[in-house]
Amino acid sequence: MHTVRHKRVGSTNAEALKLAENGCLEWTVVVADEQTAGRGRSGKFWDSPRGGLWCSIVLRPNITSVNLPVIQFFVANSARRALERAIGTRVRVKWPNDLILDGLKVGGILVEGRLVGARIEFAVAGVGINLNVHSSSLMQGATSTFNITGRPFNRDVILATLLEDLESSYPDIHNKEKILREWWENCVHRSKPVTVVRSEGSISGISTGISPSGCLSVKTSKGNTLEIPEGSLHFS
Ligand code: BTN
């Protein structure tokens with residue numbers, strides 16, 4: 001494992017993508033104290049002040065490109081376990097890529113990569129966790145481990161726990177069912193009423209599972225089940 005450390009960088013995902021393009025080894029990790037252009041899902045800005053864990057890991061899994069979505073769930077499972085172990089409080093996940101603490105978003109996963117035909121040339125798994133971040137620097141609906149527990153946590157210890165967990169569970173990357181099952185068992189909106197807001201319109205119903213391609217299954221009041229590839233999920 002090779003770690004590249006930055007005090008301040010645009011985005012660790014962008015840095016890791018450059019390294020991966022240039023042929024770096026799998027398990028190259030980029031970590032920054034602060035990001036000035038942190039990337040979130042759907043092209044959103046990801047607030048990354050000092051005090052958080054902002055890192056990206058280069059993976060070269062030997063799986064086909066249709067299985068790319070599974071990487072996000074695999075990384076979310078590891079990040080959830082690592083954080084839970086570090087802080088001693090239950091952490092959950094929310095579709096498609098959020099880590100949830102006390103009902104609020106404490107972190108997120110962003111996987112980017114390059115596909116060559118049916119092969120994944122590389123994937124960069126970006127993990128952002130609000131650790132020692134004060135509530136004044138957090139977006140609405142977000143939280144930090146400091147906010148919830150009142151305690152500071154050592155970023156490097158949590159990063160080491162995350163990397164150990166990712167490496168030891170890496171063989172599971174070939175076991176899609178196991179990854180999706182664990183993710184769903186820890187999903188905060190499992191079997192609950194949800195509304196998914198999409199540009200084409202909103203869909204409401206009961207969230208009933210995750211499909212093999214990473215879509216959220218929602219059973220509507222008319223009784224049909226829709227597979228939703230992307231959107232912003234709300235539930236109460
Ligand atoms: C989300 O929208 O929930 C995903 C957020 C992912 C943020 C992390 S922070 C480290 C890595 N570098 C980035 O620019 N983004 C990811």
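In which loop does Pro96 lie? Pro96 is in the loop between β4 (92-94) and β5; strands here are DSSP runs of E with at least two residues, helices are runs of H or I with at least four residues, and both are numbered from the N terminus. The model is predicted, with local features needing pLDDT of at least 70 and side-chain atom pairs counting only at pLDDT 80 or more, while totals for chains, interfaces and linings use all residues. Residues are numbered from 1 along each chain as its sequence is written, and side-chain values use heavy atoms, with hydrogens and water left out.

The bond between Trp95 and Pro96 is a cis peptide bond, with omega about 0 degrees. In the loop between β5 and β6 is Asp102, which is not a glycine but has a positive phi of about 55 degrees. Most residues other than glycine have a negative phi, and most peptide bonds are trans.

The ligand comes next. Around the ligand are 21 residues, of which Ser11, Gln35, Arg39, Arg41 and Lys105 come nearest; a residue counts as near if one of its heavy atoms lies within 4 Å. By class, this shell holds six nonpolar, eleven polar and four charged residues. Nonpolar means Ala, Val, Leu, Ile, Met, Phe, Trp, Tyr, Cys and Pro, charged means Asp, Glu, Lys and Arg, and the others, Gly among them, are polar.

Polar contacts are pairs of N or O atoms within 3.5 Å; within protein, one must be able to donate a hydrogen and the other to accept it, and residues adjacent in sequence count only if both atoms are side-chain atoms. A polar side-chain atom of Thr12 is 3.0 Å from a nitrogen atom of the ligand. For Asn13, a backbone N or O atom lies 3.4 Å from a ligand nitrogen atom. In the side chain of Gln35, an N or O atom is 3.0 Å from a nitrogen atom of the ligand. Taken alone the ligand exposes 420 Å², and the protein buries 98% of that, by the Shrake-Rupley method with a 1.4 Å probe.

Where does the ligand sit? The ligand is in the largest pocket, in the sense that more than half of its atoms lie within 2 Å of the grid points. A pocket is found on a 1 Å grid over the protein atoms alone, as an open set of points where a 1.4 Å probe fits, with protein on both sides within 12 Å along at least five of seven lines; lining residues have an atom within 4 Å of a point. The strand β6 (104-116) is one of the elements giving two or more residues to the shell around the ligand, and with four residues β6 gives the most.

The largest pocket has a volume of about 820 Å³, the space filled by probe spheres set on grid points joined across faces, edges and corners. Of its 42 lining residues, the closest to the centre are Lys44, Trp46, Asp98, Lys105 and Met139. β6 gives the most to this lining too, with five residues.

The second largest pocket has a volume of about 530 Å³. Among the 24 residues that line it, Arg41, Pro96, Pro229, Glu230 and Gly231 are closest to its centre. α2 gives the most to this lining, with four residues.
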